[in-house]
Amino acid sequence: MKIRIGNGYDIHRLVSDRPLILGGVHIEHHLGLLGHSDADALTHAIMDAMLGALSLGDIGLYFPPTDPQWAGADSLQLLTQVHHLIQEKGWQIGNVDSVIVAERPKLKPHIAAMRDRLAETLSLDADQVGVKATTNETLGPEGREEGIAVYAVALLTRD
Ligand code: MG
């Protein structure tokens with residue numbers, strides 16, 4: 001069996017009058033993430049990890065923020081497209097893992113929903129999708145609640 005690993009990172013600015021969507025889950029909060037698509041930083045970081053594992057570039061290459069067709073895009077649909085791309089190349093996902101860095105809101109009550117949504121989208125078991133959250137101890141842009149950052153890794157396998 002062949003294996004490949006990739007990592008992904010994303011950060012989006014927190015602003016008012018935007019929904020907060022992470023892992024396809026709408027989370028109630030007075031601030032949301034700014035971006036061309038739905039700004040789902042968790043899904044974006046996972047997509048970049050999957051692409052990186054096969055050296056296929058990054059999501060900006062496939063879904064450029066200058067392209068109006070991706071305005072307000074549902075990032076889970078973009079994730080499905082990236083999944084199809086790696087499947088077409090003969091690879092499948094072993095597991096993905098991620099860390100969301102956010103001072104607020106408390107994400108613990110939403111972890112299971114995000115994991116389940118991502119697992120369902122990728123046709124994986126829930127235990128193949130790690131979603132974790134941490135604060136930044138009030139340090140840096142995440143700590144000042146200027147944005148939410150996400151780190152992700154993906155392991156791909158091929159028989
Ligand atoms: Mg992004």
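Visitor: Is Phe63 buried or exposed?
Guide: This is a predicted model, in which local features need pLDDT of at least 70 and side-chain atom pairs count only at pLDDT 80 or more, while totals for chains, interfaces and linings use all residues. Residues are numbered from 1 along each chain as its sequence is written, and side-chain values use heavy atoms, with hydrogens and water left out. Buried means under 20% relative accessible area, exposed over 50% and partly exposed in between, with a 1.4 Å probe and protein chains only. Phe63 has a relative accessibility of 10%, and therefore counts as buried.

Visitor: Which residues provide the protein donors of the magnesium ion?
Guide: Donors are N, O and S atoms within 2.8 Å of the metal (3.2 Å for Na, K and Ca); water is not among the atoms, so sites may look incomplete. Along the chain, the donors follow the spacing D-x1-H-x31-H. Lying 2.1 to 2.2 Å from the ion, they are OD of Asp10, NE2 of His12 and ND1 of His44.

Visitor: Where is Glu103 placed?
Guide: Helices (H or I, at least four residues) and strands (E, at least two) are DSSP runs, numbered from the N terminus. Glu103 is buried, with a relative accessible area of 13%. Its place is in the loop between strand E5 (92-101) and helix H4 (111-121).

Visitor: Which backbone nitrogens lie 3.1 Å and 3.2 Å from a polar atom of the side chain of Glu103?
Guide: Contact means heavy atoms within 4.5 Å, and beyond four places in sequence Glu103 has such contacts with residues including Thr135, Glu137 and Gly143. The C-alpha atoms of Glu103 and Glu137 are 7.3 Å apart, although 34 residues separate them in sequence. At 3.1 Å from a polar atom of the Glu103 side chain is the backbone nitrogen of Asn136. At 3.2 Å is the backbone nitrogen of Thr138.

Visitor: How many residues apart are Asp97 and Lys132, which meet in a salt bridge?
Guide: A salt bridge is a side-chain nitrogen of Lys or Arg within 4 Å of a carboxyl oxygen of Asp or Glu, and a search of the whole structure finds four. One of them joins the side chains of Asp97 and Lys132 at 2.8 Å, N to O. This pair links distant parts of the chain, with Asp97 in strand E5 and Lys132 in strand E6 (residues 129-134), and the separation is 35 residues.

Visitor: Which residue meets Glu145 in a salt bridge?
Guide: The N to O distance in this bridge is 3.0 Å, and the partner of Glu145 is Arg104. The pair lies 41 residues apart, with Glu145 in the loop between helix H5 (140-143) and strand E7 (147-158), and the loop between E5 and H4 holding the partner, Arg104.

Note on methods
A polar contact is a pair of N or O atoms within 3.5 Å; within protein, one must be able to donate a hydrogen and the other to accept it, and residues adjacent in sequence count only if both atoms are side-chain atoms.
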